[in-house]
Amino acid sequence: MRIDIQRKSFGGSDVLGRLRLDIRRGQRIAVLGPSGVGKSTLLRIIAGLDRDFPGSVGGDERLSVVFQEPTLLPWRRALDNITIPTGCDLALASDLLKRVGLQDQLDRFPRQMSLGQQRRLSLARAFAARPDILLMDEPFASLDPDTATRMIDLTGDLLDHSGAGLILVTHEAREPVRLAARPLLLRGDPATLHEDGQTI
Amino acid sequence: MPGILSLVAMLVLWVVVARISDDPRTMPGPEAVAMRLWQITVTGELWFHAGMTLFRVLASFALAMAVGVALGLWMGRSRTADQWLNPGLVIALNVPALVIIVLAYIWIGLNEVAAILAVALNKIPVVTVMLREGTRALRPDLDDMATAFRMSRAARLRHVVMPQLAPHVAAAARAGISLIWKIVLVVEFLGRSNGVGFKIHLLFSSFDVAGVLAWALAFVAVMLAIDIVVLRPWEARLSRWRRDED
């Protein structure tokens, strides 16, 4: 898919400058940058949640999102939280729940689960949509270091297994290393993408 | 327990007032009213007229909830719709129920359609306002999630939007049903030839207070039963997911 953003502004001031990025199924990219630089804005644009900008985001790839918060349906049980949004079948849903270690939690409501479990459920949901490219918005933030490491490894396994690509937005430099993702830096005002000190 | 004691206290007060007034025609005691209640129950009169009233209550309730929920959802979601419809809504909220009823009977005729429509029109603005507030409080993060996963409109409405609106729908329903049956009685009083309101009209003409009280109490009991048997269990079922443990 091709992402071509001329700029993105909020209330007259540009947050993102000219950005161009190509990504294919199987490629892994990490967008690094400090808080408030516009990483989440960029991810929302790529996910199609924000179309109010000059430029285009195009391609046939199927996308799926892991949000910063688990963003589950509190009134639906774990299994339904996978099948309802993604429309996937029960077999795939139970298989994914097993992979993220939630096979005993199928009938639980989200608030009966710990934050770590909710995040794994959200990860399983994202893979249930059979994405070509997975979009992740700081999904490991606010987890304790051990849980975060386990989540990162789990994400890596699921990416290997499904062959999906990845655009990960984070401010933690160790995450792209562990996930073998190509690190790009988002910085400046308005922010642009940089790789090895070069603007791209 | 205090609830039961309070009911007993009210009953005692009634007996005392009836004794003091010593005028069974204008202030009949509970035993006279109970006798009438028994009479209209065994003759079957109660079931026919209460049934007609209940039918009107349910029909106008269903109409008011359906239209009110749809309008509230629309106005809560779309700024344009809200800006265009809000003045009409404010006016509708402030038109007296009696005016709507009289106009409906004049314009549509003294028939069932006019009666049900008049009651529904009285209730729709209230439901709309409650649902508009509920819709404005919908969680934007779940909206994003539904968009990101390309959920269909129907699935979105059923699994994302309606569960969030359920407490508002339930509140509107419970507030609605008690308002509606009171308006239905007025509608029947003014222009129907059956129903509890019609009976009260007849009894009012003959100044039969015991009869009026008997019919009123009977219908209060019916509406309370609906609240306890239908509405409360439904509300409890909808909020199951809020509990920590099953």
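Which residues of helix α9 (residues 196-205) of chain B are buried? They are B:Val196, B:Gly197, B:Phe198, B:Lys199 and B:Ile200, where buried means that 20 or more other C-beta atoms lie within 10 Å of the residue's own, exposed means 12 or fewer, partly exposed is in between, and C-beta atoms are placed from the backbone. This is a predicted model, in which local features need pLDDT of at least 70, side-chain atom pairs count only at pLDDT 80 or more, and totals for chains, interfaces and linings use all residues. Residues are numbered from 1 along each chain as its sequence is written, while chains are lettered from A and ligands numbered from 1 in the order in which they are written. Helices (H or I, at least four residues) and strands (E, at least two) are DSSP runs, numbered from the N terminus.

**Chain A overall**

- Chain A holds six helices and 12 strands. Its radius of gyration is 17 Å, close to the 16 Å that the globule rule gives for 200 residues, so chain A is as compact as a globular protein of that length. That radius is taken over C-alpha atoms, and the rule is 2.2 Å times the number of residues to the power 0.38.
- Taken along the principal axes, the C-alpha atoms of chain A fill a box of roughly 45 × 30 × 30 Å.
- Buried residues account for 42% of the 200 residues in chain A.
- In an unreviewed entry, UniProt lists residues 1-200 of chain A as "domain: ABC transporter"; UniProt positions are given in the numbering used here, feature names are shortened, and annotations may be inferred rather than shown by experiment.
- Over residues 1-200, chain A is 33% helix and 26% strand, and the end C-alpha atoms are 16 Å apart.

**The seven-stranded sheet of chain A**

- An open sheet of seven strands in chain A runs in the order β7-β8-β9-β5-β10-β11-β12, with mixed pairing. Its edge strands are β7 and β12 (198-199) of chain A, each pairing on one side only. Two strands pair if DSSP finds at least two bridges between them.
- A:Leu63 has A:Ile133 as its bridge partner in β8(A).
- Strand β7 (residues 63-66) of chain A points A:Leu63 and A:Val65 one way and A:Ser64 and A:Val66 the other, and all are buried.
- The loop between β10 (182-187) and β11 of chain A contains A:Pro190. A cis peptide bond, with omega of about -5°, joins A:Asp189 and A:Pro190.

**Core and interface**

- The largest nonpolar core has 101 residues, and A:Ala124, A:Leu166 and A:Ile167 have the most contacts inside it. Such a core is a set of buried Ala, Val, Leu, Ile, Met, Phe, Trp, Tyr and Cys residues joined through C-beta atoms within 7 Å.
- Leaving aside its neighbours within four places in sequence, A:Ala124 is in contact with A:Ile82, A:Leu96, A:Leu97, A:Val100 and A:Leu102. Contact requires C-beta atoms, placed from the backbone, to lie within 7 Å.
- Between the chains, 17 residues of chain A are in contact with 16 residues of chain B. Helix α2 (residues 78-86) of chain A gives the largest share of chain A's side, three residues.

**Chain B**

- Chain B has 10 helices and zero strands, and 33% of its 246 residues count as buried.
- Along its principal axes, the C-alpha trace of chain B spans about 75 × 50 × 30 Å.
- The buried residues of α9(B) pack against α3 (45-77), α8 (153-191) and α10 (209-238) of chain B. After α9(B) comes B:Phe207, whose phi is positive, near 55°.
- B:Asp22, in the loop between α1 (2-21) and α2 (30-42) of chain B, has a positive phi near 50°. B:Asp22 is exposed, with 7 other C-beta atoms within 10 Å.
- B:Arg150 also has a positive phi, near 50°, and lies in the loop between α7 (140-148) and α8 of chain B. B:Arg150 is partly exposed, with 16 other C-beta atoms within 10 Å.

Notes:
Contact = placed C-beta atoms within 7 Å.
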